[in-house]
Number of protein chains: 2
Amino acid sequence: MREDLDMEVIEGGVTAVQGFKASGLHCGIKRSRADLALIYTEKEASAAGVFTRNTVKAAPVILSQKHLSSGRARAVVVNSGNANACTGDRGMKDAEKMAETAANVLGIKPEEVVVASTGVIGVPLPMDKIQRGIYEAAEKLSSHGGSAAAEAIMTTDTYPKEFAVRFDLDGVTVTVGGIAKGSGMIHPNMATMLGFIATDAAVSPDMLKKALKYAVDRSFNMITVDGDTSTNDMVVVLANGLSKNPVIDSETPAYFKFLRALERVCLELAKDIVRDGEGATKFVEIEVTGASGVEEARKLALSVATSSLVKTALFGEDANWGRILAACGKTGIPFDPSKVDIFLKSKGGIEQTARGGMGLPFSEEKAARILAEKEIEIIINFNEGEASAWAWTCDLSYDYVRINASYRT
Amino acid sequence: MREDLDMEVIEGGVTAVQGFKASGLHCGIKRSRADLALIYTEKEASAAGVFTRNTVKAAPVILSQKHLSSGRARAVVVNSGNANACTGDRGMKDAEKMAETAANVLGIKPEEVVVASTGVIGVPLPMDKIQRGIYEAAEKLSSHGGSAAAEAIMTTDTYPKEFAVRFDLDGVTVTVGGIAKGSGMIHPNMATMLGFIATDAAVSPDMLKKALKYAVDRSFNMITVDGDTSTNDMVVVLANGLSKNPVIDSETPAYFKFLRALERVCLELAKDIVRDGEGATKFVEIEVTGASGVEEARKLALSVATSSLVKTALFGEDANWGRILAACGKTGIPFDPSKVDIFLKSKGGIEQTARGGMGLPFSEEKAARILAEKEIEIIINFNEGEASAWAWTCDLSYDYVRINASYRT
């Protein structure tokens with residue numbers, strides 16, 4: 001959909017950015033796969049985070065919110081395989097111990113360490129393994145370690161997720177790169193979404209926070225695999241300023257250029273999470289256009305993206321526009337159904353299935369061709385205003401049920 | 001859960017009530033199954049309805065809301081196989097024609113007829129077949145026709161749903177009986193919920209409306225199969241007063257006794273809809289207790305009932321209390337996770353899986369025995385206040401995906 005010609009997509013994730021080192025390794029929480037990641041910037045960075053809105057927040061979420069209130073950070077330590085959620089006082093102490101251990105070995109302050117966990121709920125962390133792991137991870141820190149970190153934060157993701165862009169900002173080259181993990185579900189747990197983004201742009205903590213919120217609202221917050229929100233979700237950005245651009249501390253043109261790059265990195269990582277959704281066979285973009293306001297457009301797009309009926313119809317390659325319209329209606333957002341147009345689009349073509357809220361006689365054969373593709377767009381035009389929004393989802397397949405019903409196998 | 005000793009459950013549905021006749025037949029919308037139902041009371045009745053909150057409302061919903069604004073009705077005509085939704089001006093005219101046809105043949109006014117439809121969206125009604133069907137249905141009206149009507153409103157329901165109770169009210173015998181249909185999905189459509197309830201109690205239109213809203217909020221509005229809301233949902237009650245109790249026109253003890261019976265009928269019909277949910281292998285009651293307020297309790301219970309992760313875990317017979325707690329948290333309702341207790345219960349026993357928001361070491365074997373049952377209770381105690389609420393759901397199985405992905409087979 002939205003293209004950007006003046007930024008270059010480059011290889012790698014967090015360590016594509018100058019001054020960032022990372023590592024990932026197996027410390028023993030999981031049986032054999034990597035389960036501990038460390039990200040570090042030698043130069044102190046501006047830092048910001050957005051966190052799960054779930055009332056039930058895991059200990060590392062509470063701790064990292066506290067640490068990031070200063071707007072500064074130098075390291076991120078992440079374990080997978082255990083969420084350190086619903087673990088009471090001991091969980092809080094363990095999260096603090098993770099920050100302290102990383103701080104000690106890196107020679108920084110505990111408050112400069114962001115902590116994240118993902119995995120099993122309600123089981124205490126094996127702190128001896130994790131502490132040994134943090135020491136080893138610090139030794140292994142490398143400017144080529146981003147991919148190892150991306151791998152170590154995975155749960156049931158089938159591949160690691162990295163993305164980076166490079167662009168010119170006020171005459172200097174700036175890089176933004178990130179890693180993420182998505183739809184992994186481990187007993188007893190739900191999909192946890194983690195994203196860690198690095199940049200060498202110089203940005204004030206306040207503007208970095210503002211930019212991250214904007215970017216996440218249009219990316220990570222517009223994707224859905226099954227509508228559930230984890231106790232552990234977080235997206236964190238660190239900006240170490242090594243590119244030496246004039247510090248972005250207000251809404252200058254440079255801010256908006258940086259914002260676009262940050263949004264792009266968040267969006268590509270978020271889309272990758274959907275593509276790797278549990279049991280997903282299709283990647284679906286929902287475009288709501290002609291809505292009365294942006295908030296309305298976002299809610300409408302997310303309602304379609306979350307509907308089990310729409311998602312099963314997509315799995316069945318069924319041009320079921322009635323379910324799409326009904327999913328819009330159930331938001332309670334007022335609109336005139338008799339103005340709504342619905343289109344299905346993919347590499348296989350484009351077909352209008354409803355006009356003015358009524359079904360059009362459409363070619364079943366053409367619709368089948370469109371829906372047979374792996375990447376599909378649903379376009380819903382409300383013909384009421386100027387606002388648009390996009391959401392991304394996957395289909396709901398037998399494998400989603402299998403993965404989530406029989407985690408033990 | 002809630003028992004009632006002073007009301008008698010009796011056979012039948014709407015025609016268990018004196019003065020009501022009904023019929024059901026095949027008029028030709030569907031290939032061979034019954035698709036047209038008529039309910040009629042010779043004596044004019046107080047009447048009230050509650051309707052879908054979906055912004056996209058089918059023509060019969062809009063018409064019936066208008067007709068019921070008088071608080072009076074004498075007949076309900078229902079077709080299945082076609083929802084008459086997203087059918088524009090023609091759809092509105094067709095709904096009016098259904099009311100007029102029924103009014104003509106029964107010798108009443110069109111405004112006294114409630115119209116309902118369920119089935120395919122976006123396809124015009126075959127009005128010639130429906131009009132002939134209404135004539136035939138009027139001829140077949142009988143005081144034993146309730147079951148035929150219950151059968152004729154079905155879509156993919158696997159069995160007809162009827163329930164009736166009889167009780168003493170101020171020295172006279174009063175009956176409340178109803179029929180309902182649930183989780184049928186037909187291309188391109190979503191689950192439509194219809195409920196029609198008859199009573200011979202004498203109740204003013206205002207109090208009948210109040211009672212119906214209360215009862216539906218605690219029954220039909222607390223069930224979920226997949227979280228989607230149809231364009232055609234409605235629940236309607238007709239009270240013809242033939243039992244000759246002193247008219248209930250305020251919140252007297254008689255009102256509350258009547259209310260309890262109405263709630264019971266709505267609840268049993270609603271539960272039956274869940275039991276017959278598409279692909280359902282388990283019936284699950286979620287009890288939220290110790291919440292700070294009733295509205296909060298209702299939202300928490302419904303959030304658990306709607307969570308795909310909880311529903312797949314139940315299908316997998318997995319004692320996944322972390323998903324239950326997270327589904328509560330995602331409502332955004334403030335509560336202290338460290339106070340929450342979670343229990344699983346069935347004929348197989350009862351087991352506490354979390355205490356104070358933390359996992360308890362529990363017997364996997366016992367949990368498996370509990371979850372192996374067909375009817376399961378999840379009890380969540382927030383230990384914060386006095387409020388309780390109940391919601392009902394089914395599990396999310398392979399068959400749900402199969403039914404909704406491949407409607408053509």
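How many bridges join strand β11 of chain B to strand β15 of chain B, and do these strands run parallel or antiparallel? In this predicted model, β11 (residues 283-291) and β15 (residues 375-381) of chain B are joined by 7 bridges and run parallel. Within this pairing, I286(B) has I378(B) in β15(B) as its bridge partner.

Both strands belong to an open sheet of 7 strands in chain B, with the order β9-β16-β11-β15-β12-β13-β14 and mixed pairing. The edges are formed by β9 (223-224) and β14 (358-359) of chain B; each has a single partner strand, so one side of each is left without a neighbour in the sheet. Helix α6 (residues 253-275) of chain B packs on the sheet and touches β9, β11 and β16 (387-394) of chain B. The direction of α6 makes about 40° with that of β16(B).

In chain A, the axes of helix α7 (residues 294-306) and α9(A) come within 8 Å and cross at roughly 130°. The helices α7(A) and α9(A) are therefore oblique to each other, and their crossing is right-handed. L300(A), S303(A) and V304(A) of α7(A) make the contact with I324(A), A327(A) and C328(A) of α9(A). By class, the contact of α7(A) with α9(A) comprises 5 nonpolar residues, 1 polar residue and no charged residues.

The loop between α9 (321-329) and β12 (341-346) of chain A contains S338(A). S338(A) counts as partly exposed because it has 14 C-beta neighbours inside 10 Å. Leaving aside residues up to four places away in sequence, S338(A) touches G356(A), G357(A) and G88(B). The C-alpha atoms of S338(A) and W321(A) are separated by 14 Å, with the two residues 17 residues apart along the chain.

Conventions: Residues are numbered from 1 along each chain as its sequence is written. Chains are lettered from A and ligands numbered from 1 in the order in which they are written. This is a predicted model: local features need pLDDT of at least 70, side-chain atom pairs count only at pLDDT 80 or more; totals for chains, interfaces and linings use all residues. Helices (H or I, at least four residues) and strands (E, at least two) are DSSP runs, numbered from the N terminus. A residue is buried if 20 or more other C-beta atoms lie within 10 Å of its own, exposed if 12 or fewer, and partly exposed in between; C-beta atoms are placed from the backbone. Two residues are in contact if their C-beta atoms, placed from the backbone, lie within 7 Å. Two strands pair if DSSP finds at least two bridges between them. Axes are lines fitted to C-alpha atoms, for helices over the stretch in contact, and angles run from 0 to 180 degrees between N-to-C directions. Angles under 35 degrees count as roughly parallel, over 145 as roughly antiparallel, 65 to 115 as roughly perpendicular and the rest as oblique. A crossing is left-handed if the near helix is turned anticlockwise from the far one by less than a right angle, and right-handed if clockwise. Ala, Val, Leu, Ile, Met, Phe, Trp, Tyr, Cys and Pro count as nonpolar, Asp, Glu, Lys and Arg as charged, and the others, Gly among them, as polar.
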